[in-house]
Amino acid sequence: MFIVTCDGALLYDPRVDDLKISSAKITLEVNKVGGFDFTIQPTHSLYGSIHKLKSIIEVRQDNVLIFRGRVLNDTLGLYKNKDIVCEGDLAYFNDTIMRPYDFSGTISDFLQSIITSHNAQVEVNKQFTLGNVTVTDPNDIITRSSIDYIKSWDVINNKLIDLLGGYIMLRRVGAINYIDYLVDSTSQSTQAIELGSNILDVIKETRGDEIITALIPLGAKLKDEEGNDTDIRLTIANINGGVDHVYDQDAVDLYGWVFSVEIWNDVTDASNLLAKGNAKLATLINLGVSIELKAIDLSMIDVNIDELRVFEYVQVTSVPHGIDTLALIDKLTIDLLTPQNNTVTLGFGYETFTEKQAVSDKAIRQIQADYVTNAQVMDVRNNLVLLASSIQQTAEQIRTEVSEQYVSSGALDQYKNEVSTQFTQTSTDYTYLFTQLQTYVQTLDGDTQAQFQEIVKYIRFVDGNIVLGEIGNEITLTIENDRISFKQNGAEVAYFSNNILYVTDARFLVSLRIGNFAFIPRANGSLDFKKVG
C-alpha cells in the first residue's frame, strides 16, 4: 500500500475517500534524480498547500520510503485540476555552483569537497552528508580541476561517474540524507524475471560505430633542452619499426582500417606506452552489445513475492534471447493507482569480437548471493504466449486472420497479451505451425501451458480444416478450402460457397429483400410481397 505526504501532512491514502489523487506515477533510475508526477483535485484539503520548490513530498510503500523530493512545477487544467511534477532530493545539487578548483587527493575527499561546497550554499534541509565510498582508482589519488563555474550535480557526473563509473545513491536515515558512491550493488531480489512469466520486451542492440582496429598511442609531452614542455609527444615509433601505431590484423581483415588516438599524459617510457596501446586496442576491437529488458513486478500481483527495488540485482532468464544472468535494475516506474502497470528496466551489456562469438565468462559480471526463488506457478498479467495468424492467399487459398488479446490476473478475469497462430491452407498442401508453437509453449511454465490449452478449446484444426467453437458446443463453424460451413450437432445447416449462401431452413423475422421487392411476414405467419425502395 502506498501513502503520500506533503510537508508531513497526509496527501494520499487509498483507505480515505477525501485523500485521493490521480495519475500518480514514480520514476526511479540509477544516477538520476528521480521524479513523481500526480494530479490533485480542487476539492482536496491540501490543494492550496502545495508550493513549488518548497513543499516536500514523500511516498512510502508499506512504511518503506521509496521517494522523497520537492515540488518542481504545477499545471492548472480547465477544471482547476493541478498536475504536479516533483523531483528527487538529489536535484538539490542543481541549486548550487562549484567554483573553480584544483584538486588532488582521494575519491572520498573529492566527493566531500563537492558536498561541503554545496552545503555552504543551501538551507539545512537541502544539505547532504558523505556516506559510504567503495569506488576506487588504480592510482589511489585523483586529480581534478576546472576554471569554470559548474553546477554541483554536473561536477559529480562529469568528474566522478563519467570517469570512474559507479553509482551515486541517496540513503536517508532519520533526517539526514547520506550520499553513497558505490562501485556496485550488494543486494539481490528473491524475485526472478523470466520469459513466459513477467518479461514485457527485450531489445538487443549491437553497435559497430565505436570499433577501432588501429590505435596511435601518445605519451607525455617531450621536453626541450631547457626542460620545458614542447608540443611534441612521445610515440612508439622508435621501438616499433618506425610505425607509430598498433593494430589487430584479424580485426582489420574483418572490419577494415579504423584509426584512433589515445593519450597518456603520465607515460614517459616508450615500452610502457606500447604495452598500454596494445591493451587499450584489445578493448576497442570488440562490438558493443547492449540489452534492454522490460518486465513487470510480480509483487504487485502477489504480496508474498519480494518487491523489486532500483539498484539491486535480479535473475533474468530468456532462452530465445540467450539471456541467463544476474542484471542490475536500472529503472523502475511505479503507478500508485494501477500497480499492474508498473515496469522494471534492466540495462546490461558485454563486448564480443564478432556477433557470433560466445560471451566469455567475464563478459557479463556475475555476483554470488544466497537467495530463494519462488518456484510456484503464478497467474500473471503478461504471460507472453505469442501467436500470430496469417494464411497466405493464392488463387485457391483462403486467407484468414485470428487474433486475440489477453492477459491473466490472479482471478483470470483480464486479458491483454497478443495471441496468434500462423498457417497456410491449400487444396493439396497444409502447413501449420501450431504444433511447433505448442512444443515451445510446453517448455514454459504451467500457467502458460494451461492458457494455451484454453485457446485450443475454441480453435481446432481437423483434417486440414479450421473449426471454431468451444469443444462440445452445439453450434460450430468450419472453414474449408472452398466453403464456410455452419454446423449444429455436427450436421451442416448452412454454408457459403461460390459467393452463394445455402440454408437448410430459414425464418425471416423482419423481411427478405430481393432487388426492389420484399417478402414481409404477417402475424399469422403468411407473407406479403411488396415493392420497396
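1. Let's start with the surroundings of K82. Setting aside neighbours within four places in sequence, K82 is in contact with F38, T39, I40, Y47, T75 and L76. Please keep in mind from the outset that this is a predicted model. K82 belongs to strand β7, which covers residues 82-88.

2. What is the nearest side chain of opposite charge to K82, and how far away is it? That side chain is D74, at 5.0 Å. Because a salt bridge requires a side-chain nitrogen of Lys or Arg within 4 Å of a carboxyl oxygen of Asp or Glu, D74 does not qualify as a partner, and K82 is buried without a salt bridge. The side chain of K82 does reach the backbone oxygen of Y47, at 3.5 Å.

3. Further along, strand β7 also holds E87. Is E87 buried or exposed? With a relative accessible area of 14%, E87 is buried. Apart from neighbours within four places in sequence, E87 is in contact with G34, G35, F67, G69, R70 and L72.

4. From E87, R68 is 19 residues away in sequence and 8.1 Å away in space, taken from C-alpha to C-alpha. R68 is buried, with a relative accessible area of 13%.

5. Which residues form salt bridges with R68? One is E58, where the side chains meet at 3.0 Å from N to O. R68 sits in strand β6 (residues 64-76) and E58 in strand β5 (residues 56-61), so this pair ties together parts that are ten residues apart in sequence. E58 is buried as well, at a relative accessible area of 15%.

6. The other is D89, whose salt bridge with R68 has its closest N and O atoms 2.7 Å apart. D89 lies in the loop between β7 and β8 (97-98) while R68 lies in strand β6, so here the pair ties together parts that are 21 residues apart in sequence. Both R68 and D89 are buried.

7. For contrast, look at the pair D17 and K20, whose side chains meet in a salt bridge at 3.5 Å, N to O. D17 counts as exposed at 64% relative accessibility, whereas K20 counts as partly exposed at 34%. The count of salt bridges in the model comes to 13.

8. Now for a sheet elsewhere in the chain. Six strands form an open sheet with antiparallel pairing, in the order β30-β31-β32-β33-β34-β35. Why do β30 (459-462) and β35 (500-503) stand at the edges? Each has a single partner strand, so one side of each is left without a neighbour in the sheet. Neighbouring strands of this sheet are turned against each other by 20 degrees on average, ignoring direction.

9. A handy landmark is L477, whose bridge partner in β33 is F486.

How values were computed:
Residues are numbered from 1 along each chain as its sequence is written. This is a predicted model: local features need pLDDT of at least 70, side-chain atom pairs count only at pLDDT 80 or more; totals for chains, interfaces and linings use all residues. Side-chain values use heavy atoms; hydrogens and water are left out. Helices (H or I, at least four residues) and strands (E, at least two) are DSSP runs, numbered from the N terminus. Buried means under 20% relative accessible area, exposed over 50%, partly exposed in between (1.4 Å probe, protein chains only). Lys and Arg count as positive and Asp and Glu as negative; His and the chain ends are not counted. A polar contact is a pair of N or O atoms within 3.5 Å; within protein, one must be able to donate a hydrogen and the other to accept it, and residues adjacent in sequence count only if both atoms are side-chain atoms. Contact means heavy atoms within 4.5 Å. Two strands pair if DSSP finds at least two bridges between them. Axes are lines fitted to C-alpha atoms, for helices over the stretch in contact, and angles run from 0 to 180 degrees between N-to-C directions.
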